[in-house]
Amino acid sequence: MSVGTLTIDHGAIDANWRALDAMTRCETGAVVKANAYGLDAESVAQTLRRSGVQSFFVAVAEEGPIVRESVGSLSNIFVFSGHMEGDEDLLREYQLVPLLNSREQIERHFSVLPGRSFGIQLDTGMNRLGLEPSDWVAVREDVLLKQPVLIMSHLACADDPSDLTNARQLRVFRAMTDGINVPRSLAATGGILLGEAYHFDLTRPGIGLFGGSPFDAAEPVVTLTADVVQVRDVQVGETAGYGNVWIASRRSKIATLSVGYADGLIRALSPGAVVYDHDAACPVVGRISMDSITVDVTNLAHIPETLCIIGSHQTIDDLAGSAGTISYEILTSLGMRYRRERVNWHN
Ligand SMILES: *Cc1c(COP(=O)(O)O)cnc(C)c1O
């Protein structure tokens, strides 16, 4: 048996990309790093290619080949981590465009792959990746002579429109790039929602395509259900799971599901997490184990065959909220033990 069924609605991914695309007048790309946020880069990139995506983004060169093979030779594939030592074969063979982050990377690229397409990543205040303003001033003239295909930066607080960091980074980005005749990109999902000033020539949504906040109007993409393996009666005072952290205060029915933290249901989800039998919320009780969780189904009138972990009653953001995390972390943690079904419910 598989630990559960993970349904991925490619119709919803297509609809989400179209909805984000309709919010701007520029090109809309797609970020498919980390195996398309855990949802399978190969099939997701294929779907998005059909939606009309021409520019894909991955985090490291090693993620490029699977995307190249699924989207064909005509699309752009950009690499956020730029050109690291040893990347040249992958960059050349799969026509990946590194977004050069430092003077060291710029030198490496011009010496190892001269004449090959590249972009530039600027740091406008996040202090994570990209050239600082002072570095940019020093290399800008030389770099522009070599004709970068994209200049980008990334916003640190775009999920919160009221954060003043957004406007500050926008000002820095404009000061570093205004008047340059190269396509520019600043916005991920959150940046698209901040409005036209943030859009420039190309946007780079990731989480919004997969149904996550801050794109609250997104169509849900993921449904996750797990089979009930066993149900037992538990007497008052008995416990469930490791460490006896849950103690029955009434006679209870406890169902065991064969999914656990190895499948992305991280331990921080308990206590407080629920799973659903149709409309009825059933609390997860006791600690989450590597391969199983225990659920209190006492209030149900019947014994369920399956329980729903992510679905219409509990979104990826709801589940993430129970663990004090974000939907990005839930999606990218789901793991490979599920039976994965590709559907087209929303179209
Ligand atoms: C991950 C990432 C994105 C996509 O961000 P979302 O919030 O998922 O839309 C865009 N740009 C960069 C540089 C990233 O690292």
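Pro214 is placed in the loop between strand 10 and strand 11, where helices (H or I, at least four residues) and strands (E, at least two) are DSSP runs numbered from the N terminus. A cis peptide bond with omega of about 15 degrees joins Ser213 and Pro214. The model is predicted, with local features requiring pLDDT of at least 70, side-chain atom pairs counting only at pLDDT 80 or more, and totals for chains, interfaces and linings using all residues. Residues are numbered from 1 along each chain as its sequence is written, and side-chain values use heavy atoms, with hydrogens and water left out.

**Overall architecture**

- The chain contains 11 helices and 19 strands, and its C-alpha trace spans about 75 × 40 × 40 Å along the principal axes.
- Of the 347 residues in the chain, 52% are buried; buried means under 20% relative accessible area, exposed over 50%, and partly exposed in between (1.4 Å probe, protein chains only).
- The chain has an accessible surface of about 15800 Å², 49% of which belongs to carbon and sulfur atoms; accessible areas come from the Shrake-Rupley method with a 1.4 Å probe, and for residues only the protein chains shown count as cover.
- Among contacts with a separation of 6 or more, 64% are between residues 24 or more positions apart, contact meaning heavy atoms within 4.5 Å.

**Nonpolar cores**

- In the largest nonpolar core, which has 75 residues, Leu48 and Phe56 touch the most other members; such a core is a set of buried Ala, Val, Leu, Ile, Met, Phe, Trp, Tyr and Cys residues joined through side-chain atoms within 4.5 Å.
- A second, separate core has 20 residues, including Ala158, Met176, Tyr198 and Phe200.
- Beyond its neighbours within four places in sequence, Phe56 contacts several residues, among them Ala30, Val32, Leu48, Val67, Val71 and Phe78.
- In soluble globular proteins, nonpolar side chains tend to be buried together.

**Aromatic pairs**

- Six aromatic pairs occur in the structure; rings of Phe, Tyr and Trp (its six-membered ring) pair if their centres lie within 6.5 Å, with planes under 30 degrees apart counting as stacked, over 60 as edge-to-face and the rest as tilted.
- The Tyr37 and Phe210 pair is tilted because the ring planes stand at 40 degrees, with centres 5.1 Å apart.
- Tyr37 belongs to helix 2 (residues 33-37) and Phe210 to the loop between strand 10 (202-203) and strand 11 (222-234), so this pair ties together parts that are 173 residues apart in sequence.
- Tyr37 is buried at a relative accessible area of 6%, and Phe210 is buried at 1%.
- Phe57 and Phe78 form a stacked pair, at 5.0 Å centre to centre and 20 degrees between the planes.
- This second pair links strand 4 (residues 55-58), which holds Phe57, to strand 5 (residues 76-79), which holds Phe78, across 21 residues; both Phe57 and Phe78 are buried.
- Tyr37, Phe210 and Tyr328 form one aromatic cluster.

- The ligand is surrounded by 14 residues, of which the closest are Lys33, Tyr37, Thr189, Ile207 and Tyr328; a residue is near a molecule if one of its heavy atoms lies within 4 Å of it.
- Thr189 places a polar side-chain atom 2.5 Å from an oxygen atom of the ligand.
- Polar side-chain atoms also lie by ligand nitrogen atoms, at 3.0 Å for Arg204 and at 3.4 Å for His154.
- The ligand taken alone exposes 390 Å², and the protein buries 92% of that.

- Val221 lies in the loop between strand 10 and strand 11 and counts as buried at 3% relative accessibility.
- Val221 and Asp9 are 4.9 Å apart in space, C-alpha to C-alpha, while 212 residues separate them in sequence.
- Leaving aside neighbours within four places in sequence, the contacts of Val221 include Thr7, Ile8, Asp9, Leu39 and Phe210.
- His10, in helix 1 (residues 10-22), is buried with a relative accessible area of 3%.
- Leaving aside neighbours within four places in sequence, His10 is in contact with residues including Ser43, Val44, Arg342 and Asn344.

**Backbone geometry**

- Most residues other than glycine have a negative phi, and most peptide bonds are trans.
- Ala34 has a positive phi, near 50 degrees; Ala34 is in helix 2 and is partly exposed at 36% relative accessible area.
- Gln95 also has a positive phi, of about 50 degrees; Gln95 sits in the loop between helix 5 (88-93) and strand 6 (97-100) and is partly exposed at 40% relative accessibility.

Notes. Polar contact = N/O pair within 3.5 Å; in protein donor to acceptor, adjacent residues only side chain to side chain.
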